[in-house]
Number of protein chains: 2
Amino acid sequence: MSVATRSIDDRRLRATFEALTTDGKTGEGGLNRPALSSAHLKARATFTELIAKEGFAKRTDGAGNLSAQWEAAGATASTLLLGSHLDSVPNGGRFDGALGVAAAFEVMQSLRDTGIAPRVNVEVIDFTDEEGTWVSLMGSRAFTGQLSAHDLDHPHGPPGAFDRALTRAALTREGILSAVRTDTSLRAFLELHIEQGPRLETRQTDIGIVSAMVGIFKYVVTFTGLANHAGTTPMDRRRDAAQGAAGFVLQVRQTVMREFPKCVANVGHLTLAPGAYNIVPETAACALELRAATESRAQELEAALRAAASEVAAQHNLKADFTFVQSVSPRAMDPALQSIFKSAADGLGLTSCSLLSLAGHDAQNMAARCPAGLIFVPSRDGVSHSSREFTRWEDCVSGCQTLFEAARRLVAHP
Amino acid sequence: MSVATRSIDDRRLRATFEALTTDGKTGEGGLNRPALSSAHLKARATFTELIAKEGFAKRTDGAGNLSAQWEAAGATASTLLLGSHLDSVPNGGRFDGALGVAAAFEVMQSLRDTGIAPRVNVEVIDFTDEEGTWVSLMGSRAFTGQLSAHDLDHPHGPPGAFDRALTRAALTREGILSAVRTDTSLRAFLELHIEQGPRLETRQTDIGIVSAMVGIFKYVVTFTGLANHAGTTPMDRRRDAAQGAAGFVLQVRQTVMREFPKCVANVGHLTLAPGAYNIVPETAACALELRAATESRAQELEAALRAAASEVAAQHNLKADFTFVQSVSPRAMDPALQSIFKSAADGLGLTSCSLLSLAGHDAQNMAARCPAGLIFVPSRDGVSHSSREFTRWEDCVSGCQTLFEAARRLVAHP
């Protein structure tokens, strides 16, 4: 190539994106490829073919993380890592993860096309199970040494299903735990992702530059009363656990909306037991998730909801148990990388703003290992994890251009 | 025996009750013998031994209903049927059903002991699956021809479990449907049962004479919103089905307590879907049961709750579906038998009152076939379907005496 590329090739980006969003495509136009499913493994095979076709080196690790490597600066140079994930939630959308891998790959190709010798190597990575079909953010946690045997012994899904998935993908628990990347000095990690929320669309802004990832805190809140005959027990003598759970579910929403406008909370699962038409529920277990930008804010919200649970329980003559299950700590993105993204967007004439990420991403794990940066592009109607998930193509291109400009600056310095 | 028995033999009643509440006894002192379980079939074997020991004839039918017959008045005479059930809910109490069978058996023995030739035959029956482990009130519905093949094709429990239970009990669907009793002219059906509620205890009354059984009406009320990311979807943009279900569960209780003091309602089961910590629930399905003394009152309550569901759905930008599942019609007990019970209790110096039954009982099915009467004895604290279920022994004896006096009057006339 005689003329240095000044920008990305949006037609090539489109072709890559189409190739990486074909396996597992649903009738509704979404993607159904939970981590390590046949469709997901097929998508990885497609990516592997693309890596070979473009003449990059392929690398995999014990956690199944799949990379394309361009050793442009020699074996002793550090590496700029770019990437996202090819897995999806069940019946998810096309853009969540796959756009980030396609954009990262386009950036590496475009960097090569510039003809300028970079001072760092470049690698594009597809992390395993970002969506937590089995173990939340498994690939990036394995890569950065933030995964334990305990985590792998408590996967999501029905008994045995994780083991069958590992067999299907030719992975082992030992292999996953051994996937910590120690032989690569990392200059930075950059990720492009769809926002999965409506803030950019509402503000009519092209690029969201993530300042920090919220912490995610999970609890089980259980109300306990007394199982009794639903015909013969007078209404005013019931100790109905469903009443406690119902009051609590409403309080969760009201408390967050009134007092914690920057947090979110969800009761996504609820089990009444014994669970029959004709038995007053003895227990009601609510799966509660809170998200907050700081540990201290999360603690304040937890305290408010603990008080709400106790109050509701007292109203209905129940006992409330508020049990912590697990958490992911809030994590700041690298300030220098935020500046580089801002300057890159400005240079392209794109509008940008600083955003808190309310979802978890692989970048939060990478931040424990090296400077990490994350940008968002708009999601139509804020919808994600759905076949209705959509990002306008010009927004995809703008995001990829911003990622390219940031990467170009980073590879210019060792 | 030379002297006619004037009353029942309470020590023999106690021995029978102990014998019939041994199989399936739990560590907590309750009974765990769901219909057609091994423990339940063992209890039936114990009852069969008792029938043989006392020299009564044993009869079984295709539904597994198990009877002791005393053909005292000849093959062409009509029959006074007495009884209840030996099955229990999972981890239920000792008195629910078993007391009624023991009391009925004692009454038949005592009638024989009187030495007076009755004008009708006497039969004590243990109905199959009163508790509806598989099919609600299955035995008495089969006995009275109120059961359909459709009912048997839609049993409760996991797939295949009912078939395994039938095999264990050597029953078949065809046999159950053929169990309609057509060769016996029935004088009346009498049942003694524990109240399973606190009204007799509260009123310090010995005997409850049931005027009617409430109708039982089952529905599934489903709220539908939109599944979305529980981190990135702002609280005020969620269409969270859990909020609808929660508001509805509270409204059900409040509506019944404020406007329908003689009815009861229960949401005993609730399913949120997809059902994960990090997904805003798209649907919430509530299993709703209403009980009312008349069809018209049930319709009024249903209308009020339909309105409440619509209102709650509108508040949270959801859709509400209110789907009828099944019902058991309210059923009056025979007025003449109520008078006989009242007079029997008065004669024994026992206090009595008229009560609506808020639970279903085999007597309601028998009422479709012959005059049916039902009396209650007090339940301590109103607790039932629990190992804490308890009735004082003197109350058990009082109930059995009342049943005996009523039966004695009935067998004196053809």
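User: How many salt bridges are there between chain A and chain B?
Analyst: The count between chain A and chain B is zero. Please note that this is a predicted model.
User: Which elements of chain A supply the side that touches chain B?
Analyst: At least two residues each come from β7 (215–224), β8 (228–229), α9 (241–259), β9 (264–273), β10 (279–280) and β11 (283–292) of chain A. The largest share, nine residues, comes from α9(A).
User: What is the make-up of that side by class?
Analyst: The side of chain A that touches chain B has 30 nonpolar, 19 polar and 11 charged residues.
User: What area do the chains bury between them?
Analyst: Chain A and chain B bury about 4900 Å², with 57% of it on carbon and sulfur atoms. A:Met235, A:Arg253 and A:Tyr277 supply 17% of the area that chain A buries against chain B, more than any other three residues.
User: Changing topic: how many cavities of 30 Å³ or more does a search of the whole structure find?
Analyst: The search finds three. The largest cavity holds about 60 Å³ of space.
User: Which residues line the largest cavity?
Analyst: Its lining draws on both chains, including A:Val249, A:Val252, A:Arg253, B:Met235, B:Arg238 and B:Asp240. On chain A, α9 and β9 each supply at least two residues of this lining. By class, the lining residues of the largest cavity divide into five nonpolar, two polar and three charged.

Notes: Residues are numbered from 1 along each chain as its sequence is written. Chains are lettered from A and ligands numbered from 1 in the order in which they are written. This is a predicted model: local features need pLDDT of at least 70, side-chain atom pairs count only at pLDDT 80 or more; totals for chains, interfaces and linings use all residues. Side-chain values use heavy atoms; hydrogens and water are left out. Buried area is the accessible area (1.4 Å probe) that two parts lose on being put together, summed over both. A salt bridge is a side-chain nitrogen of Lys or Arg within 4 Å of a carboxyl oxygen of Asp or Glu. Helices (H or I, at least four residues) and strands (E, at least two) are DSSP runs, numbered from the N terminus. Ala, Val, Leu, Ile, Met, Phe, Trp, Tyr, Cys and Pro count as nonpolar, Asp, Glu, Lys and Arg as charged, and the others, Gly among them, as polar. On a 1 Å grid over the protein atoms alone, a cavity is a set of points where a 1.4 Å probe fits but cannot get out, and a pocket is an open set with protein on both sides within 12 Å along at least five of seven lines; lining residues have an atom within 4 Å of a point. Grid points are joined across faces, edges and corners, and a volume is the space filled by probe spheres set on the points.
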